[in-house]
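Dear colleague,

I am handing over the structure below, together with some notes on it. Please read the notes with the coordinates open beside you.

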Amino acid sequence: MDNAGNRPIMRLSRIVEMNLGFLGIQFSFGLQQANMGPIYRYLGADEASLPLLWLAGPVTGLLVQPIVGAMSDRTVSQWGRRTPYFLLGAILCSIGLLAMPYSPTLWFAASLLWMLDAANNITMEPYRAYVSDRLNERQRTVGFLTQSAFTGLAQTLSYLAPSLLVWWGADADLVDANGIPNITRIAFLIGAVVSLSTILWSVLRVRELPLSTAEVAHMQAEPLSLRTALRDFGAAVRDMPLPMRQLALSMAFQWFAMFAYWQYIAFALARSLLGTADPASAGFRQAVLLAGQAGALYNVIACVAAFAMMPLSRRIGVRNLHALSVALSGAAMIAIPQARDTAMLFALMIGIGIGWASMMGNPYVLLSGAIPPERTGIYMGIFNMFIVLPMLAETLVVPLVYRPLLGGDPRNLILLAGVMMLCAGAATLLVRVHPQNIVKAPDLA
């Protein structure tokens, strides 16, 4: 048991099982990152306006996650606090994934993305909070970095799924009446199955710890409602710990950059490596597959790097490790437009992967020791605002500057993203590290 006597030491195998549902969530996100931009272009979207069609992610994250986080802190049910949100999100996500590649029009695909992102957001923050609920303080680093590793694995599989289908004999140029490749439709079907099955496995194999009588009495004294959720949200913002406030600048730079990268990397590679900007061309479809392969590679690296970061974080500190990691990612992004062959492109994915592993784990490690345990859900939801607000800014800013300042060339946007990643590394060094996050050996008993 930990010092508080209410969280048992958990074996690493159980931590892995507990986080398996995160693989399903991230498989869905990976499919969106790799395929939504091309799907929009197949359906006739203007390249400069693409970010506006991605508004679903930041807006639903901004509205849904803080409220759901606060609600999950106060939920009392026979299934637990977090589990109802896991299950609802998984079901809605699977429906969205099944329908997305059959979109007949641009507005239909954009509408489905709203539902899909809302479903993922319903699940995401309760899952983050679940790590703090279920693990003692010595094991939280392992818990969050295990989620980071599953992010790498899931997105590797989702990015690589269309290429695997081609390598197994599927025709990359076989498309439907709307220009959407059949391999994309099959990949989304696989995603629907993975999303639902992994979350069901997690919730059935590693149940939530029962709430104490005092905790239940406290929640029932003020029943769950939108009013209490909004009140708790306002109080949490007012009382936000200093390390959390200091992380805001770093998060702004890195998530603006990463969102732009996901949206435009396939278009940048189409121009630099295949010499085309035509979404109906075979060269463009090859660029989409290449972007997926590169994305799969950086996620493999992220999966391995997440585990390597566990001992390294104890040596140099979580803050310094995160600053170095995102700076490496920025340097790689700056070099991508100069890559003239796939070998160089794939080599640069090492830097992207290291940065991605850190982004998905280390900020949460820095955060977890600074927030009160009883408000973990709402603070994880608020922390997600540090992700979605930069994404929202990107969707509004890029269409305004894409042609007048960036010359209508996606390679220039990738360069800008790299510079912002370097700024994120510098901003991370301004964060005051909480004593619990300096040097702590995780317990893997």
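What follows is a short account of some helices and a few residue contacts.

This is a predicted model, in which local features need pLDDT of at least 70 and side-chain atom pairs count only at pLDDT 80 or more, while totals for chains, interfaces and linings use all residues. Residues are numbered from 1 along each chain as its sequence is written, and side-chain values use heavy atoms, with hydrogens and water left out.

I begin with helix α14, residues 342-359 (helices are DSSP runs of H or I with at least four residues, numbered from the N terminus). The expected span of a helix is 1.5 Å times one less than its number of residues, so the 18 residues of α14 should span 26 Å, and the 25 Å between its end C-alpha atoms agrees with that. Among the buried residues of α14 are L345, G351 and W356 (buried means under 20% relative accessible area, exposed over 50%, and partly exposed in between, with a 1.4 Å probe and protein chains only).

G351 also lies 5.1 Å from L328, C-alpha to C-alpha, although the two are 23 residues apart in sequence. L328 belongs to helix α13, residues 318-335, and is partly exposed, at a relative accessible area of 38%.

Two helix pairs may also be of use to you. The axes of α7 (residues 140-167) and α12 (residues 282-316) come within 7 Å and cross at roughly 155°, where axes are lines fitted to C-alpha atoms over the stretch in contact and angles run from 0 to 180 degrees between N-to-C directions. These two helices are therefore roughly antiparallel, a word that applies to angles over 145 degrees. Helix α11 (residues 242-274) and helix α17 (residues 410-428) pack at an angle of about 155°, with their axes 7 Å apart, which makes α11 roughly antiparallel to α17.

Finally, Q155 sits in α7 and counts as buried, at 0% relative accessibility. Its side chain is joined to that of Q26 by a polar contact of 2.9 Å (a pair of N or O atoms within 3.5 Å, one able to donate a hydrogen and the other to accept it, with residues adjacent in sequence counting only if both atoms are side-chain atoms).

Methods
Parallel < 35°, antiparallel > 145°, perpendicular 65-115°, else oblique.
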